[in-house]
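Dear colleague,

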Amino acid sequence: MSTASLDLAKRCSREATLAGAKAAAVATVASAIPTFASVRMLPWAKANINPTGQALIISTVAGMAYFIAADKKILSLARRHSFENAPEHLKNTSYQGTGRPHPAFFRP
């Protein structure tokens with residue numbers, strides 16, 4: 001691999017890590033507030049969700065948000081960079097066929 005592609009890969013992974021960390025922080029707050037509120041207000045939750053269960057709920061949401069956001073970022077960057085580096089004849093995605101209008105689900 002060339003140094004340019006290694007630098008690009010490092011930058012993309014750094015961007016994905018940052019996007020995942022931001023999503024995890026937001027998800028932590030967004031899941032912690034209703035979890036703590038429900039344990040204080042609902043009798044069933046107060047009886048059945050101990051502090052370990054609360055931490056497990058919050059950390060699971062944060063972990064899922066991290067990996068989903070990082071994966072989405074990596075896929076979007078890979079799509080953008082593969083399109084930038086594609087040959088010109090592949091960049092033209094419009095259909096130049098029979099001249100009939102496309103059905104709605106084929107329109108670009």
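The notes below set out the conventions and then go through what was found.

This is a predicted model, in which local features need pLDDT of at least 70 and side-chain atom pairs count only at pLDDT 80 or more, whereas totals for chains, interfaces and linings use all residues. Residues are numbered from 1 along each chain as its sequence is written, and side-chain values use heavy atoms, with hydrogens and water left out.

I begin with the annotated span. An unreviewed UniProt entry carries the annotation "transmembrane region" for residues 51–70; UniProt positions are given in the numbering used here, feature names are shortened, and such annotations may be inferred rather than shown by experiment. In the model that span is 100% helix and 0% strand, with its end C-alpha atoms 28 Å apart, where helices (H or I, at least four residues) and strands (E, at least two) are DSSP runs numbered from the N terminus.

Helix α3 comprises the 34 residues 51–84, and its end C-alpha atoms are 49 Å apart, which agrees with the 50 Å that it should span at 1.5 Å a residue (the expected span being 1.5 Å times one less than the number of residues). Buried residues of α3 are Gln54, Ile58, Ala62, Ala65, Ala69, Ala70, Leu77 and His81, where buried means under 20% relative accessible area, exposed over 50% and partly exposed in between, with a 1.4 Å probe and protein chains only. What covers these buried residues includes α1 (3–41).

Threonine 35, in helix α1, counts as buried because its relative accessible area is 9%, and, leaving aside its neighbours within four places in sequence, threonine 35 is in contact (heavy atoms within 4.5 Å) with Gln54, Ile57 and Ile58.

Turning to side-chain pairs, the count comes to 1 salt bridge, defined as a side-chain nitrogen of Lys or Arg within 4 Å of a carboxyl oxygen of Asp or Glu. In that salt bridge the side chains of arginine 11 and glutamate 15 meet at 3.7 Å, N to O, and both residues lie in helix α1, 4 residues apart, about one turn of the helix. Arginine 11 is partly exposed with a relative accessible area of 39%, and glutamate 15 is partly exposed with 29%.

A search of the whole structure finds 1 aromatic pair. Tyrosine 66 and phenylalanine 67 form this pair, which is edge-to-face, at 5.2 Å centre to centre and 85° between the planes; rings of Phe, Tyr and Trp (its six-membered ring) pair if their centres lie within 6.5 Å, and planes under 30 degrees apart count as stacked, over 60 as edge-to-face and the rest as tilted. Tyrosine 66 is partly exposed with a relative accessible area of 26%, whereas phenylalanine 67 is exposed with 59%.
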